[in-house]
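Hi everyone, thanks for coming along. Today I'd like to walk you through one structure, step by step. Have a look at it first, and then we'll start.

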Amino acid sequence: MGLSRLTRYLLREVLLAWLAVTVVLVVVLLTNRLVQFMADAASGDIPANVIFTLLGLKAAANLGVVLPGSFFLGVVLALGRLYRDSEMTAMAGCGIGPGRIFRGIFAVAVPLTVLVAMLTLSLGPAAEREADRVLANAQQQARFAGVQPGRFIELGEGTTVYIARVTDDGGLRGIFAERTGPDGDQIWVAERGRRAIDAMGQGEFLILEDGWRYEGEPGRAAWRLMQYAEHGVRIAEPAPVEPGAGLDAQPPGRLLADGGDGAMAELQLRLSLPVMVLVLALGSLPLASTDPRSGRYGRVVVAVLLFMIYFNLLYTVADWVANGALPVWIGVGWVHGIALLVVLLALWRRLGMGWRRSPA
């Protein structure tokens with residue numbers, strides 16, 4: 001059985017408003033991220049060519065958090081317009097009750113709940129793990145990207161490097177490297193070389209080819225010379241933080257296997273976002289109910305405040321669970337219970353007493 005004309009009309013109005021709000025919120029989110037990544041690139045922490053890759057991955061990782069709020073605001077905007085234009089009054093006069101209105105709202109809310117669940121439980125953490133890997137590799141690349149021909153560069157591990165020329169494919173020519181240690185100086189001279197990660201162990205290496213190694217103390221004649229065909233010079237230790245190690249990047253199965261308070265709080269928070277979509281969908285109609293002479297965005301301001309209270313309370317309670325201040329078995333479920341109770345009271349007050357239906 002297909003959707004009625006009224007349901008399709010409400011579906012279209014809700015979809016258009018929701019998509020418009022979602023685009024605005026995503027642009028704001030990406031703008032903030034873009035500023036942060038551009039600042040990191042300007043300071044040399046990451047290469048500029050990975051900014052948009054990181055931007056896309058972070059957007060995918062956080063989309064599940066954005067969608068419940070954008071949907072709620074979009075529905076309130078769409079229904080608020082129908083109230084201001086007296087279309088809701090006309091529907092009530094034709095005997096169309098709240099159930100028919102909710103049918104159009106939930107035609108969007110139910111598929112969106114499934115999408116948010118997929119994003120928060122699977123796709124979002126996977127994007128977060130990939131973003132961590134890209135960022136860790138980009139930070140390692142940025143350290144060596146500062147090498148310019150004809151300049152002495154400090155690369156870490158107390159190593160100073162001079163490169164005569166850099167080829168188009170990233171190869172290095174005419175290399176001089178020096179490291180000062182407690183046992184004396186080490187100097188490497190090579191015809192060519194390249195940068196490599198985890199090539200000769202864990203960490204970042206400068207691979208030198210066809211050169212000489214000099215080892216000794218300045219001012220003394222006792223120096224050791226060694227000719228080599230290939231020699232690796234470690235210029236950075238392995239990154240201390242494993243990419244994807246944060247709880248927000250872990251798949252649900254690993255969180256369940258962990259079983260700690262932090263892992264359970266993270267899992268409950270992820271499951272809360274799809275539930276939030278349904279609760280907000282139910283509360284959108286009584287909140288959007290307004291007089292035709294009311295201001296255009298008055299209800300939107302109230303919707304933003306209520307959503308922020310709901311959203312921040314969820315995250316605050318999740319922090320209590322993660323810190324052990326609240327038992328895991330209590331969790332964040334009671335927050336949804338309070339929200340649902342408030343919604344049901346609003347439905348009874350604004351719709352049960354105020355929605356007039358004509359006799360059948």
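**A walk through the chain**

Let's begin with helix H1, where the buried residues are Leu6, Thr7, Leu10, Leu11, Glu13, Val14, Ala17, Trp18, Val21, Thr22 and Phe37. An α-helix has 3.6 residues a turn, so residues three or four places apart point the same way.

Before going on, please keep in mind that this is a predicted model.

How far apart are the end C-alpha atoms of helix H1? H1 covers residues 5-42, and at 1.5 Å a residue its 38 residues should span 56 Å. The end C-alpha atoms are 54 Å apart, which agrees with that expectation.

Now let's step back to the whole chain. There are eight helices and six strands. Starting at the N terminus, the order is α-α-α-α-β-β-β-β-β-β-α-α-α-α. Of the 360 residues, 42% count as buried. Among contacts with a separation of 6 or more, 62% are between residues 24 or more positions apart.

Next, the inside. The largest nonpolar core has 52 residues, and the ones touching the most other members are Phe71, Leu79, Ile105 and Tyr310. Which elements give two or more residues to this core? They are H1, helix H2 (51-84), helix H4 (98-145), helix H6 (261-288), helix H7 (298-322) and H8. H6 gives the most, with 12 residues.

Let's zoom in on Phe71. Leaving out residues up to four places away in sequence, Phe71 touches Val14, Trp18, Ile105, Val108, Ala109, Leu112, Val277 and Ala281.

Finally, the outside. The chain has an accessible surface of about 19000 Å², and 61% of that belongs to carbon and sulfur atoms. On the surface there is a nonpolar patch formed by Trp320, Trp329, Ile330, Trp334, Ile338 and Val342, with about 660 Å² of accessible area together. Helix H8, residues 333-352, gives the most to this patch, with three residues.

One of the patch residues is Ile338, which is found in helix H8. Is Ile338 buried or partly exposed? Its relative accessible area is 44%, so Ile338 is partly exposed.

Technical notes
Residues numbered from 1 in each chain as written. Predicted model: local features only at pLDDT ≥ 70, side-chain atom pairs only at ≥ 80, totals over all residues. Heavy atoms only, no water. Helix = DSSP H or I, 4+ residues; strand = E, 2+ residues; numbered from the N terminus. Buried < 20%, exposed > 50% of the residue type's maximum accessible area, 1.4 Å probe, protein only. Contact = heavy atoms within 4.5 Å. Areas by Shrake-Rupley, 256 points an atom, 1.4 Å probe, with all protein chains shown as cover. Patch = residues over 30% accessible without salt bridge, like charges linked within 9 Å, V, L, I, M, F, W, Y side chains within 5 Å. Salt bridge = Lys/Arg side-chain N within 4 Å of Asp/Glu carboxyl O. Expected span 1.5 Å × (residues − 1). Core = buried A, V, L, I, M, F, W, Y, C linked by side-chain atoms within 4.5 Å.
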